[in-house]
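Please read them alongside the coordinates.

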Amino acid sequence: MPGPHGPPKNWKSGPIFAKAPRMSEEFERPVLTPPGGEKKVLLHSCCAPCSGEVMEAMLASGVEYTIFFYNPNIHPKREYLLRKDENVRFAEKHGVPFVDADYDRDNWFARAKGMEHEPERGIRCTMCFDMRFERTALYAHENGFPVMTSSLGISRWKNMKQINDCGVRAAAPYEGLSYWDYNWRKGGGSARMIEISKREEFYQQEYCGCVYSLRDTNEHRVSTGRERIVLGQNYYGKDTVSE
Ligand code: SF4
């Protein structure tokens with residue numbers, strides 16, 4: 001497992017509102033305070049579009065954080081690398097440490113066995129969040145992070161309670177570790193997520209991530225007369241994007 005890329009830079013805090021540093025457009029956001037007033041956070045990131053706003057919001061509030069990329073659910077590997085590389089690119093732009101926890105695909109498929117036909121937001125997704133957060137919590141425990149959180153909940157396609165329950169469950173075995181269940185959508189977070197994605201021209205994935213969500217999304221698209229998903233095609237802020 002490669003280590004962090006380097007120390008974060010330009011962290012600062014403000015009394016009421018904070019502005020993200022080094023941005024061409026500036027956003028005003030409430031100042032964030034992690035649980036217990038802690039400043040050191042491990043951020044589980046699922047992709048660049050979802051984590052862009054979370055990253056800039058924490059930077060603007062002076063929260064010291066490291067990105068933890070562990071997403072063995074993403075299929076196929078080409079899509080996994082597209083999503084990861086976008087996240088690395090944005091982390092490097094901000095000087096944020098990035099931990100690449102590698103592509104643990106075989107273990108994901110082993111845990112998903114028997115859940116191949118479960119719907120999104122069902123028990124397969126609970127397993128998927130549990131697995132990703134368990135590894136995040138272990139890394140947090142072993143590396144002195146008192147708080148962990150995730151970008152997963154910012155997506156309007158996700159069930160935030162399901163995600164938060166998984167996060168709390170993963171952190172529970174470790175004394176002194178808490179899961180930060182902040183609602184990243186509120187206060188304009190959802191809109192900023194799209195604005196940042198367009199500004200950065202992030203790769204836009206068109207399905208949740210696993211092979212089963214790819215299958216089901218394609219089936220839905222074909223049944224409604226749309227083309228099947230083409231990997232690596234859509235980028236925010238470019239003509240091919242469909243929102
Ligand atoms: S649909 Fe998404 S959250 Fe659910 S199992 Fe697949 S990749 Fe994981």
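What share of the contacts in the protein with a separation of 6 or more comes from residues 24 or more positions apart?

1. The model is predicted. Residues 24 or more positions apart account for 74% of the contacts with a separation of 6 or more. Of the 243 residues, 40% count as buried.

2. The protein has seven helices and seven strands. Read from the N terminus, the elements follow the order β-β-β-α-β-α-β-α-α-β-α-β-α-α.

3. An open sheet is formed by five strands with parallel pairing, in the order β5-β4-β3-β6-β7. Strands β5 (98-100) and β7 (178-179) are at the edges and have a single partner strand each, so one side of each lacks a neighbour in the sheet.

4. Helix α2 (residues 77-94) packs on this sheet, where α2 touches β4 (64-69) and β5. The direction of α2 makes about 165° with that of β4.

5. Within the sheet, β3 (residues 40-44) and β6 (residues 147-150) run parallel and are joined by four bridges. His 44 has Ser 150 in β6 as its bridge partner.

6. The ligand is surrounded by Asn 73, Glu 120, Arg 124, Cys 125, Cys 128, Cys 208, Gly 209, Cys 210, Tyr 212 and Ser 213. Two or more residues of this shell come from each of α4 (123-142) and α7 (211-223). Helix α4 contributes the most, with three residues.

7. By class, the shell around the ligand holds five nonpolar, three polar and two charged residues.

Key: Residues numbered from 1 in each chain as written. Predicted model: local features only at pLDDT ≥ 70, side-chain atom pairs only at ≥ 80, totals over all residues. Buried ≥ 20, exposed ≤ 12 C-beta atoms within 10 Å, placed from the backbone. Contact = placed C-beta atoms within 7 Å. Pairing = 2+ DSSP bridges. Axes fitted to C-alpha atoms, helices over the stretch in contact; angles between N-to-C directions. Near = placed C-beta within 6 Å. Nonpolar A, V, L, I, M, F, W, Y, C, P; charged D, E, K, R; others polar.
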